[in-house]
Amino acid sequence: MSEPENRLDLYRYVGSAELSADYLAIMRLFSSGLLIDLSAVEIAERLDTPGLDADTVEDRCGALVRWGNLVRSVRDARVRTIADWRHARTRYQISKLGGRVQRQVEELLATTEGAREVARELLAGTADRLGVIRDLAVAEPADPERLAAEVTTLFSNQRVFLDSLADFYAYLATVLSRYDLAGDEYATFKGVLLDYVELLGSDVTRHAPLVTERLAELEPHLPAVLQRLALLPGLSGTAVERLPGRRAQDWTEFSAWFTGARSGPERLRAAAEQALGQLLTNAKRMVSSGGTGLSRRDDLLRLATLFAAPGTDEETAHRLWAAAFGAAPARHLALGLEDDDGRIPPATSWWDAPPVDVPVSVREQGDRAARGRSARVPDPGLDRERLLAEAATEAAARRAAAGELAAAGRLDGATLSPAARDLVLDQLAQVLAVDQLLVEPASRTDVDLGVTLHVAPGGATVVDSADGRTTVHGLTLTVEPA
């Protein structure tokens, strides 16, 4: 579980839609105190939740162990019977990362969707605290305990300030992106933006230069600060998570927020300008008659209230819908005489009728008037030459096939090309179209091809070609030059 990519499994118990309540109850029990060590039987007894017996709790705890939220305890349990030993042989404790994830989950569940106040008052004490840290770094005798307290407070305050600032601007972006922002809500939010954002900007502008100056004064003494903090008793080892401010990198990141290329004050000013621009865009939308129009949020909420009324049955709901949106019973609408061929009656539903190709001008402008420049009439010369060449090639192929038939004479047992076979079948179809019940010999002459097909009843005609064999039953076919 130490791999960073595997730590996402720690959140799996929260996303389990059906079992999240069971997992949350178990994790809340383990995070309610320090060094809580419980077995599945004890967990089931303390929770006393229907459906969560000892076996079910054992399965849930096993899953939490696989994900890294719990760890198995090695403490031996005192039992009186073998059954108690079997149920109590596995005990569980919460892991470090599991406890941190559970605290994050509880904080998220308790957070409201409204705006969060920014801890702007912490900026005023940042510069003073930096001066105190500079004095403690060179004071004799050294006071590492007080120095550590000031450093920890400095970084903790900065973290609280940045977190509250990020939450506030995230809420600001969420509200600014709403299309339905209008009326009293718009007026209230406008006051929040114009007053509170301006207040934040003025605080940062007033305190940031002094903080930058104190950071420059403290920079030569940072090695002494880190050296004195290292003298304090604490945990040792490479895997220890140090408190903020104990590494040079922490101070570099702290200083970068005030003095970097894209410093925090510059980003705050840019965010305030962007929010103000979006607010003006919403104002233009509300007062402009040629824009997208006013918000219909209140109207839709009132309509939803009518639909949710206790006395609204299905028929009344359909009538409300039709009256609100002008949605008469679905009918097929023709766009003109060229579309009305009489096959689709006007009462045909759109669900059953074929789709209608609605021109763009009808969809956007409501009429079918032609717009734009008329297109050039294409020159048909090249198409004419192409069509003539294709016709000449087709005629030459048919004449070659006719010559092949004339050379064959009696077609029974002959071997023909597919083109010649298709030609004789076309000629035979013409003969049979005139006299379907052929009882006497018949003939058909094609003057253009210069051949005559003689068809006599009786016998059979078998013709072989490269793509198969064709048999004409009951007819004898003979071809001669016309």
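Predicted model: local features only at pLDDT ≥ 70, side-chain atom pairs only at ≥ 80, totals over all residues.

Student: OK, what volume does the largest cavity have?

Tutor: About 50 Å³.

Student: And which residues line the largest cavity?

Tutor: The lining is made of L411, R421, V424, L425, T461, V463, T470, V472 and L477. Helix 17 (418-434), strand 5 (451-465) and strand 6 (468-481) each give two or more residues to that lining.

Student: How many of the lining residues there are nonpolar, polar or charged?

Tutor: Six are nonpolar, two are polar and one is charged.

Student: Now the second largest cavity: how much space lies in there?

Tutor: About 40 Å³. Around the second largest cavity you'll find L405, V424, Q427, V451, L453 and V479. The elements giving two or more residues to this lining are helix 17 and strand 5.

Student: Switching to the outside: which residues form a nonpolar patch on the surface?

Tutor: L300, W321 and F325 do, and together they have about 330 Å² of accessible area.

Student: Where is F325 found?

Tutor: F325 is in helix 14, residues 314-325.

Student: Why does F325 count as partly exposed?

Tutor: Because its relative accessibility is 43%, and partly exposed runs between the 20% cut-off for buried and the 50% cut-off for exposed.

Methods: Residues numbered from 1 in each chain as written. Heavy atoms only, no water. 1 Å grid on protein atoms, 1.4 Å probe; cavity = no way out; pocket = protein on both sides within 12 Å on 5 of 7 lines; lining within 4 Å. Points joined across faces, edges and corners; volume = space filled by probe spheres on them. Helix = DSSP H or I, 4+ residues; strand = E, 2+ residues; numbered from the N terminus. Nonpolar A, V, L, I, M, F, W, Y, C, P; charged D, E, K, R; others polar. Patch = residues over 30% accessible without salt bridge, like charges linked within 9 Å, V, L, I, M, F, W, Y side chains within 5 Å. Areas by Shrake-Rupley, 256 points an atom, 1.4 Å probe, with all protein chains shown as cover. Salt bridge = Lys/Arg side-chain N within 4 Å of Asp/Glu carboxyl O. Buried < 20%, exposed > 50% of the residue type's maximum accessible area, 1.4 Å probe, protein only.
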